[in-house]
Amino acid sequence: MSNTKNGGSSSYLFTIVLVAVIGGLLFGYDTAVISGAERGLQAFFMQAKDFTYTNFLHGITSSSALLGCIIGSAISGLMAGKIGRKKSLFVAGICFFLSAAGSYYPEFLFFHKGDASLSLLVVFNLYRVLGGIGVGMASALCPMYIAEIAPADKRGTLVSWNQFAIIFGQLVVYFVNLVILGDHIAPKMEAMAEGINQIVNASALAADGNWSITTGWRLMFLSECVPAALFSILILLVPETPRYLAMIGKDDKALHVLSRINGDEKGKAILAEIKSTTTEKTEKLMAYGFLVIFIGIMLSVFQQAVGINAVLYYAPRIFESMGMGNPMFQTVLMGIVNISFTMVAIFSVEKLGRKPLLIIGSLGMAVGALGVALADSIASLPGFIGVISVMIYSASFMFSWGPICWVLISEIFPNTIRGAATAIAVAFQWIFNFIISSTFVPMYEWSPSATYGLYCAICVIAAIFVWKLVPETKGKTLEEMSALWKNRK
């Protein structure tokens, strides 16, 4: 442990950040758990006698959490300002836990377990929306919390660990789902999940005790209760951020946290700098001009508009269409590649800066998207060209727009508007997540080459946007951002 008086405690900082990034892990876990559960869930609701569970309804059920994400991100700024970053993260943890438990047992109190119905479907989706609210809040608050705790020279690296946790959470749930299913992936479930209920009787299959239909999908959602409970407990043990404490007049507590992290002398200097930028606690959103808000929103828009979630959510479908072996194996391989390249960002963001990584990543994604488009349009090209292009596309995102967008959103906004501005930016992120995710399948079925050609063009535009408008924030304190934007008004 470093000496608190001279250099602060690195182990104290590490412990705090480790707790915060569990929120990122839950973000990834909750958004990916549906990928393993959706087939059994579809088969379960196809048993309902009071309505027909169509593919359209299944699409809504599979993506209902995204609606909660929009709500959660939109209210995160208000909650962060009213009750603080720490308490808001605790609320997010409770949302994760209740959603996981409710999705496991949506019949609680009002329905008989195992009886599928339209009312039960509505309740299930409400639980998923609740989990989405937790995801939306965590997606805005975890990077904000880490950024406000971390020293300027470590902030980019530490916030990037949140993206690593998101990807790691997705990979963990892929393996958890695989373990839960075991050898219970039955042809009966596969048939029902494909909608072939005119061939088989859904009720009869359930009566046969098909484990995947009756139990498997429930356990997948229940598994999230473990990390959710752990996060909810641990977040109560970490301090509130010194920036928020200073904004509400608790200077002594702010100084205590700053001194433990940075050392006594530097802690006092940072507190004085914070106080100089928080004298106006209720500054209007446009106090620093329109440009800072516009850049924050567009960073979020481009992070989704480049099309990455079309790859992450539908990877098995894409790999299957390329005819290159087991699509699930390739999906897991892509997950490992994603984690590896996220580490590239973690260890280079403070050396290379934010802008170079974003520009290089944008151009790398453009190359990958172009490769996918060419692989589809030129029949003579071997299938592995498309697979490699998808990997390049995904890997380029993971060392650039994946973590660096969160870093920038957490640090470009001045202290007095950070909560509200971050909430707006992240809400746009989830809105465009929904737009891209919901339009990908019809676009891909119409023309894969045109779809990825469009993503390629957007990647190039994103690179130009970063080059021309986004400021470099490497090494700058959060308080220096106020002066930067006042000068650019």
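Start at Phe45, whose contacts (heavy atoms within 4.5 Å) take in Phe51, Tyr53, Ala116, Ser117, Leu120, Leu121 and Phe124, leaving aside residues up to four places away in sequence. Keep in mind that this is a predicted model, where local features need pLDDT of at least 70, side-chain atom pairs count only at pLDDT 80 or more, and totals for chains, interfaces and linings use all residues. Numbering runs from 1 along each chain as its sequence is written, and side-chain values use heavy atoms, with hydrogens and water left out.

Phe45 also belongs to the largest nonpolar core, a set of 139 residues in which Phe45, Leu299 and Trp401 touch the most other members. Such a core joins buried Ala, Val, Leu, Ile, Met, Phe, Trp, Tyr and Cys residues through side-chain atoms within 4.5 Å; buried means under 20% relative accessible area, exposed over 50%, and partly exposed in between (1.4 Å probe, protein chains only). Helix H1 (residues 10-45) is the top contributor to this core, giving 20 residues. Helices here are DSSP runs of H or I with at least four residues, numbered from the N terminus.

What about the cysteines? The disulfide count is zero, with the cut-off being a pair of cysteine sulfur atoms within 2.5 Å. Take Cys456: its closest cysteine sulfur, in Cys459, is 6.6 Å away, so that pair is too far apart for a bond. Cys456 is buried at 14% relative accessibility, and Cys95 is buried too, at 10% relative accessible area.

Out on helix H19 sits Ile431, which is partly exposed with a relative accessible area of 32%.

Technical notes:
Helices (H or I, at least four residues) and strands (E, at least two) are DSSP runs, numbered from the N terminus.
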